[in-house]
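Good morning, and thank you for coming. Please look at the sequence and the model that I am about to show.

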Amino acid sequence: MSCELISTHTTACLCGKGKLIEEVYSDDWNRINPQRSIQCEHCNSKYHFETQYIQHGDKSFEQVYMVENGKSISIKYSTHDFHQDVACHYTYAELQGIRDLLSATTSCNKLKGSFADFIIKAHKARYNSIKISMTRQHVDESIEKYYTNKFNKETILTLQAECERAKGNPIYFT
Ligand SMILES: [Zn+2]
């Protein structure tokens with residue numbers, strides 16, 4: 001397999017002193033692979049590049065950011081059970097609201113399309129059932145366990161705000 005350098009782009013480093021380089025390679029299958037480097041003695045040990053896909057109409061493109069080491073612009077987490085799914089989707093207060101909705105109804109089907117929709121889908125996916133008594137019981141457990149999850153909607157919102165702060169301005173190579 002061969003890689004061919006098809007273009008090189010540069011721009012000034014954030015500090016204004018050094019340079020940021022982007023070398024774009026193409027392989028035998030015309031797959032594009034950009035390699036980016038910080039050629040700045042002040043910044044190359046302090047920052048790294050991160051990218052984010054931006055959807056613009058029907059096109060998506062990669063937005064590049066220079067991010068301080070130790071920080072990140074994206075949160076990585078995965079969920080493995082119903083309680084984690086639910087905790088990542090709702091705040092504690094929202095979950096209590098859902099418990100009230102479930103108590104006031106006789107069937108999960110009546111809550112389809114409502115604020116509780118996510119819970120009903122997640123319950124169906126994990127337990128293959130939307131029996132109201134079972135769903136109520138699991139939601140009670142979710143509320144009980146809410147703050148034992150490493151990730152819940154409340155921690156995610158805080159992390160998202162940190163990601164926004166770490167992002168700064170996008171880098172445009174020319
Ligand atoms: Zn610099």
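This is a predicted model: local features need pLDDT of at least 70, side-chain atom pairs count only at pLDDT 80 or more; totals for chains, interfaces and linings use all residues.

Let me begin with a question: is N30 buried or exposed? N30 is exposed, because 8 other C-beta atoms lie within 10 Å. For these words, a residue is buried if 20 or more other C-beta atoms lie within 10 Å of its own, exposed if 12 or fewer, and partly exposed in between, with C-beta atoms placed from the backbone.

Residues are numbered from 1 along each chain as its sequence is written.

N30 is found in the loop between β2 (19-26) and β3 (32-39). Its phi is near 60 degrees, a positive value in a residue other than glycine. Most residues other than glycine have a negative phi. N128 lies in the loop between α3 and α4, and N128 counts as exposed, with 7 C-beta neighbours inside 10 Å.

Now the whole chain. The protein chain has 5 helices and 5 strands, where helices (H or I, at least four residues) and strands (E, at least two) are DSSP runs, numbered from the N terminus. Along the sequence the pattern is β-β-β-β-β-α-α-α-α-α. The radius of gyration is 23 Å, well over the 16 Å that the globule rule gives for 174 residues, so the chain is more spread out than a compact globule. That radius is taken over C-alpha atoms, and the rule is 2.2 Å times the number of residues to the power 0.38. The C-alpha atoms fill a box of roughly 65 × 35 × 30 Å along the principal axes. Of the 174 residues, 14% count as buried.

Next, the helices. Two packed helices are described by the angle between their axes and the distance between the axes. Axes are lines fitted to C-alpha atoms, for helices over the stretch in contact, and angles run from 0 to 180 degrees between N-to-C directions.

How do α1 and α3 cross? The axes of helix α1 (residues 82-89) and helix α3 (residues 117-127) come within 10 Å and cross at roughly 160 degrees. The two are therefore roughly antiparallel; angles under 35 degrees count as roughly parallel, over 145 as roughly antiparallel, 65 to 115 as roughly perpendicular and the rest as oblique. The contact is made by F82, D85, V86 and H89 of α1 and F118, I119, A122, H123, R126 and Y127 of α3. Here, contact means that C-beta atoms, placed from the backbone, lie within 7 Å.

Helix α1 also meets helix α4 (residues 132-145), with axes that come within 9 Å and cross at roughly 65 degrees. That makes α1 roughly perpendicular to α4. On the α1 side, F82, H83, V86 and A87 take part, and on the α4 side, H138, E141, S142 and K145.

Finally, helix α2 (residues 92-103) and α4 pack at about 160 degrees, with their axes 10 Å apart. They are therefore roughly antiparallel to each other. Among the residues in this contact are L95 and L102 of α2 and V139 and I143 of α4.

Note on methods: Two residues are in contact if their C-beta atoms, placed from the backbone, lie within 7 Å.
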